[in-house]
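User: I would like to learn how to read the features of a protein model, one at a time. Please give the general idea first and then the case at hand.

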Amino acid sequence: MEETSREAVATAVQRVAGMLQRSDQLDKVEQYRRREARKKASVEARLKAAIQSQLDGVRTGLTQLHSALLDVKDIQGSLADVSKDWRQSINTIENLKDVKDAVVQHSQLASAVENLKNIFSVPEIVADTQQLIVQGELLQAHRKLMELECSRDDLMYEQYRMDSKNTSDMNLISIYFEDVQGLSDELAKQLWMVLQRSMVTVRRDPTMLVSVVRIIEREVKIDRRMVDRKKQSGFIPPGRPKRWKDKMFEVLEGTVSTRIEGTQSVTREADKMWLVRLLEITRKYVLDDLIVVKNLMVQCFPQHYDTFNRFFGLYHNAVSSRVKELAAEDLEANEIVSMLTWVLNTYKSVEMMGHPDLASECDINALEALLPQDVVNDLLSKYVKTFTSNITGWLRKALETDKKDWQKETEPEADQDGYYQTTLPAIVFQMFEQNLQVAAQIDGDFKEQVLKLCLKQMNTFLIRYREEAVTYKEEHLRDRQLPQCYVQYMIAIINNCQTFKESINSLKRKYSQSSEPTDSDAAIERTLSEVAKEGCQFLLDEVFLDLEHHLYELMTRKWLTGSHAVDTICVTVEDYFNDFNKIKKPFNQEMTSEALRRVVVEYIKAVMQKRITFKNADERREGADRMIKEADQFKFLFRKLAAGEDTDRLCGAIAAIAEVFKLTDPTLLFLEVTTLVSKYPDIREEHIQALLAVRGDASREMRQMIIGTLSENKVTYSAVTQPIFKDIAVPTITNTMTSMTSMATAKLLK
């Protein structure tokens, strides 16, 4: 208490110190005193009110406890009186046992009297009930059946109460009412027949279906009542519980299953489209039936049956079972596609379970899958295996057909731009397109898988295509007269490569979600490029086989004295390139550039083979002038053919060599050769020696000086510029003799 007082004084001192920090606040001391007095009075008033409230509560509680104590004493006294009266009445109850037995007997006799009329009229009621069942008056028949069962059950119950061990009397009652169970079974058969034809009945006579449901509902209530009585007394009538409601759902489930299983009208042997027809009939039946359930049948069943969702589940389960059976069969590839397309797409679409008329009643997203994922995967794997086998055969057959076309004596067809082509790309990509369209109907991931498979097969096919093109060329070289349209079909093969490339890109844009290039893409690109370039090379080989004899005439005495070899070369090249214009870009441009390069290289080879050695300045001047003229001819021709920017540089190599030959002052020969080397850095020492040998007037010392000086100041060439001299070999003496022998042989053959 003292500590609390000290804390209060300390707190008051702090508050006063806080109020009187400045001298001008001393004038307000009286004002502060009055304010604090008011606060103190207010706190004291609240404290008194709180204490008074607590005291009132305690007083009330004590009063109630006192009243409760008095009530407990009164109850205790009453219980004592009841216990006394109960002890006194025990003997009286034992004396009333005879009265109790009399009451039970009276109850049994009263029940017998009450059912006496029904007992005597049982045969008549049974006959009437049978007649009503035959006439289809099911409600009336059930009412009479209930009367019979009620009479039987009451009698048996009373007998059970009187003497549950007396089986003879119970058997007597059962025998007397034995026809009742038969009536019940016969009525049940009629009910199940109506339920089995419920889809037809609900359209023609919905009241019949309503009657059936009402009868079943009555039986459900009776079953419930009998089960409750069994819990109390231990007695339950024979045949109870009937569980007709459970049986009704079993019948409906069987009806739906039979409906789905009965949709197959034809077999594979009779109709190749049997599965498509089966699935379409199933779709139509299910949709029509569910619309009938929604619009008509729901009104015939109690609301708590949740009729639509129940039927929705029954049809889903029945379809699922049927589809699993079909999936287990040995389906063909097209049948697998039809099955998976129907299961994965059609089933939940607006054409079936997602139909607008059903959308308000069900959630298709809550449906389980018709087929387990492992079954779907097995079907997809089987399809891929079959598809791989089929497409390999299709591609092989398409290539064989195309090869037969290569032997025709008529030119291949041309597209709208005049480029030669065969039907092979169209056939191949029509096959791919059809299968990808089918795969797209199944699943996006599966579509990607099929596309990758197509591209993989395409790469294998192109390798075979390349091999066949090489074989085609080799067969032609054995007899260049056959096939008659070899050049035109080789052009078509080259153009097909470009068409293949464009078609592949089109397929990828249309069916692939990924734009990233794959290893398969690179392999296809590489193979197509190789086939096209080899085809161009084969065509150029064909050109140069025709030019071979004329190329042998270059840089010979015959050439110097007057030859039309270059004129013939130009005419031949131009004639061939009239056909080569039917080659698509970029291969035509590349081919023209390569043709120019090979012509120039062959010309320079003729120089390097030293077929002629100029005897004097006049011959050198005449030869050089001819070389410059022929270089201009080549330049004119290949500019006309649009050989590209390298035309001047390539043809300029011939003119540059001519300048070396044309030079009249040998002392300036080093400068001319240096100029040639600076323009064409890939020229080698043996090339310069060959040029000087053809010139014929360079001494050994001069050749050594030129070669030595150039070796000391070797010029490096850029890899950007295509080399000319790099692949030109300078023949040795043996090679020169062989070359001269070949030329002589060619002349003799001519």
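This is a predicted model: local features need pLDDT of at least 70, side-chain atom pairs count only at pLDDT 80 or more; totals for chains, interfaces and linings use all residues.

User: What is a disulfide in general, and how many disulfides does the structure hold?

Analyst: A disulfide is a covalent bond between the sulfur atoms of two cysteines. The structure holds zero disulfides.

User: Is Cys497 buried or exposed?

Analyst: Cys497 is buried, because its relative accessible area is 2% and the limit for that class is under 20%. Cys150, by contrast, has a relative accessible area of 40% and is partly exposed.

User: Let us turn to the overall form. How many helices and strands are there in the protein?

Analyst: The protein has 29 helices and zero strands. Its radius of gyration is 56 Å, whereas the globule rule gives 27 Å for 750 residues; the value is well over the rule, so the protein is more spread out than a compact globule. Along the principal axes, the C-alpha atoms fill a box of roughly 170 × 120 × 40 Å.

User: What share of the residues is buried, and what share of the contacts with a separation of 6 or more comes from residues 24 or more positions apart?

Analyst: Buried residues make up 40% of the 750 residues. Of the contacts with a separation of 6 or more, 76% are between residues 24 or more positions apart.

User: Next, the pockets. How should I read the largest pocket, and which residues lie nearest its centre?

Analyst: A pocket can be read by its volume, its lining and the elements that supply that lining. The largest pocket holds about 440 Å³ of space. Its lining has 24 residues, and those nearest the centre are Asn334, Glu335, Val337, Ser338 and Val438. Helices α12 (274–295), α14 (333–346), α16 (373–406) and α17 (424–442) each supply at least two lining residues, and α14 provides the largest share, with eight. By class, the lining comprises 12 nonpolar, eight polar and four charged residues.

User: Which element gives the most to the lining of the second largest pocket?

Analyst: That element is α23, with seven residues. The second largest pocket holds about 300 Å³ and is lined by 17 residues, with Glu590, Met591, Ser593, Glu594 and Gln722 nearest its centre. At least two lining residues come from each of α20 (519–553), α23 (587–608) and α25 (647–662). The lining divides into seven nonpolar, five polar and five charged residues.

User: How many cavities of 30 Å³ or more does a search of the whole structure find?

Analyst: A cavity, unlike a pocket, is a space from which the probe cannot get out. The search finds two cavities of 30 Å³ or more. The second largest cavity has about 30 Å³ of space and is lined by Leu278, Leu279, Thr282, Val319, Arg322, Val323 and Leu326. Two or more of these lining residues come from each of α12 and α13 (307–327), and α13 gives the largest share, four residues. In class terms, five are nonpolar, one is polar and one is charged.

User: Thr282 is in that list. Which residues does Thr282 touch, not counting residues up to four places away in sequence?

Analyst: Thr282 touches Ile260, Thr263, Val319, Trp342 and Met352. Thr282 is found in helix α12 and counts as buried at 5% relative accessibility.

Technical notes
Residues are numbered from 1 along each chain as its sequence is written. Side-chain values use heavy atoms; hydrogens and water are left out. A disulfide is a pair of cysteine sulfur atoms within 2.5 Å. Buried means under 20% relative accessible area, exposed over 50%, partly exposed in between (1.4 Å probe, protein chains only). On a 1 Å grid over the protein atoms alone, a cavity is a set of points where a 1.4 Å probe fits but cannot get out, and a pocket is an open set with protein on both sides within 12 Å along at least five of seven lines; lining residues have an atom within 4 Å of a point. Grid points are joined across faces, edges and corners, and a volume is the space filled by probe spheres set on the points. Ala, Val, Leu, Ile, Met, Phe, Trp, Tyr, Cys and Pro count as nonpolar, Asp, Glu, Lys and Arg as charged, and the others, Gly among them, as polar. The radius of gyration is taken over C-alpha atoms; the globule rule is 2.2 Å times the number of residues to the power 0.38. Contact means heavy atoms within 4.5 Å.
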